[in-house]
Structures are given as structure tokens and as C-alpha cells.
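Welcome! Take a moment to look over the sequence and the 3D view, and then let us walk through the chain together.

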Amino acid sequence: MSNFVWCHGPSCHKSHTQDRIRGVKGSKVLRTKKVAQTPYNSGERLSMYSYFCSQGCYNDFAHKYVREVIAIAPRTEALETPIEVTKEPYTNSWSGQTHMETRIRTVDNNGG
Ligand SMILES: [Zn+2]
């Protein structure tokens, strides 16, 4: 595994798993895991899995650094998506019964 980054989970090196054990008898350690950089998690597929070995390590990082993460793109007002709400009959293909169903459609106000 020559192309890798160390997992960014702040507690990755504290998880008691066999694949983190390094060293020789008498001086063993739990070491941060490597995250292989592959075509599946790099380039256009760059994602959280490019930097974290697991969902748990990602969550640990997000919880520890939530203030810094939010500071990147703070939300100071609500966003809204224009929609159109209609009631339409829907027939269940299994039971054959028809009932009214609420449909929500996004409205594109930009001439699309
Ligand atoms: Zn990790």
C-alpha cells in the first residue's frame, strides 16, 4: 500500500482491533489505520472515505471539529425549494385499491 493517507479519526489509534497492533512484544502499540488511495476514493470520487477508515472515525472527527467545519459554510438563513403540492389518485399494484396520494414536485422558477 504505497499510496495512502493516515485515517483522520482523532481516536482511530485507540480502537482495540488486531489490524491496528504494531511493534514487538513488550513495546506494542495501537496505530492509526492507513486509508488506501484508490480510483474508488480519489479524483472525481473523492469523499470522506478518502480520509477516514470508517464511518465511526468520520463521526469522531465531525463531533470533535464541528465548530471549524460549520465555519467553512455557515448557514445564517433558511434555504427554500419552490414546490407544487397536489393530491392524485394512486392504485396499489398489489391490492388494486386506489387512494389519494400527496405528490410534491419541485418547481423550477428559472425558466427550466
Ligand atoms: Zn480510523
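This is a predicted model: local features need pLDDT of at least 70, side-chain atom pairs count only at pLDDT 80 or more; totals for chains, interfaces and linings use all residues.

Residues are numbered from 1 along each chain as its sequence is written, and side-chain values use heavy atoms, with hydrogens and water left out.

**The chain as a whole**

The chain holds two helices and six strands; helices (H or I, at least four residues) and strands (E, at least two) are DSSP runs, numbered from the N terminus. Read from the N terminus, the order is β-β-β-β-α-α-β-β. The chain is more spread out than a compact globule, because its radius of gyration is 24 Å, well over the 13 Å that the globule rule gives for 112 residues. That radius is taken over C-alpha atoms, and the rule is 2.2 Å times the number of residues to the power 0.38. Along the principal axes, the C-alpha trace spans about 70 × 45 × 25 Å.

Of the 112 residues, 9% count as buried. Buried means under 20% relative accessible area, exposed means over 50%, and partly exposed is in between (1.4 Å probe, protein chains only). Contacts here mean heavy atoms within 4.5 Å. Among contacts between residues at least 6 apart in sequence, 39% join residues at least 24 apart.

Charges are next. The chain has 15 positive and 10 negative side chains, and the centres of the two sets lie 21 Å apart. In this count Lys and Arg are positive and Asp and Glu negative, with His and the chain ends not counted; each charge is placed at NZ of Lys, CZ of Arg, CG of Asp or CD of Glu.

**The hairpin of strands 5 and 6**

Strand 5 (residues 83-91) and strand 6 (residues 98-106) run antiparallel and are joined by nine bridges; two strands pair if DSSP finds at least two bridges between them. They form a hairpin with six residues between them, and Gly96 in the turn has a positive phi of about 80 degrees. Across the pair, Tyr90 stands opposite His99, and Glu88 stands opposite Glu101.

Back to Arg103: not counting residues up to four places away in sequence, Arg103 touches Glu84, Val85, Thr86, Glu88 and Tyr90. Thr98 is also found in strand 6. With neighbours within four places left aside, Thr98 is in contact with Pro89, Tyr90 and Thr91.

**Two loop residues**

Ser50 sits in the loop between strand 4 (34-36) and helix 1 (55-64). Beyond its neighbours within four places in sequence, Ser50 contacts Val5, Val35, Gln37, Asn41, Ser42 and Arg45. Lys25 has its place in the loop between strand 2 (21-22) and strand 3 (29-30).

| Residue | Relative accessibility | Class |
|---|---|---|
| Ser50 | 0% | buried |
| Lys25 | 81% | exposed |
| Arg103 | 29% | partly exposed |

**Distances along and across**

Lys25 and Ser47 are 22 residues apart in sequence and 37 Å apart in space. Arg103 and Thr81 are likewise 22 residues apart in sequence, with 15 Å between them in space. For Thr98 and Glu88, ten residues apart along the chain, the separation is 10.0 Å.
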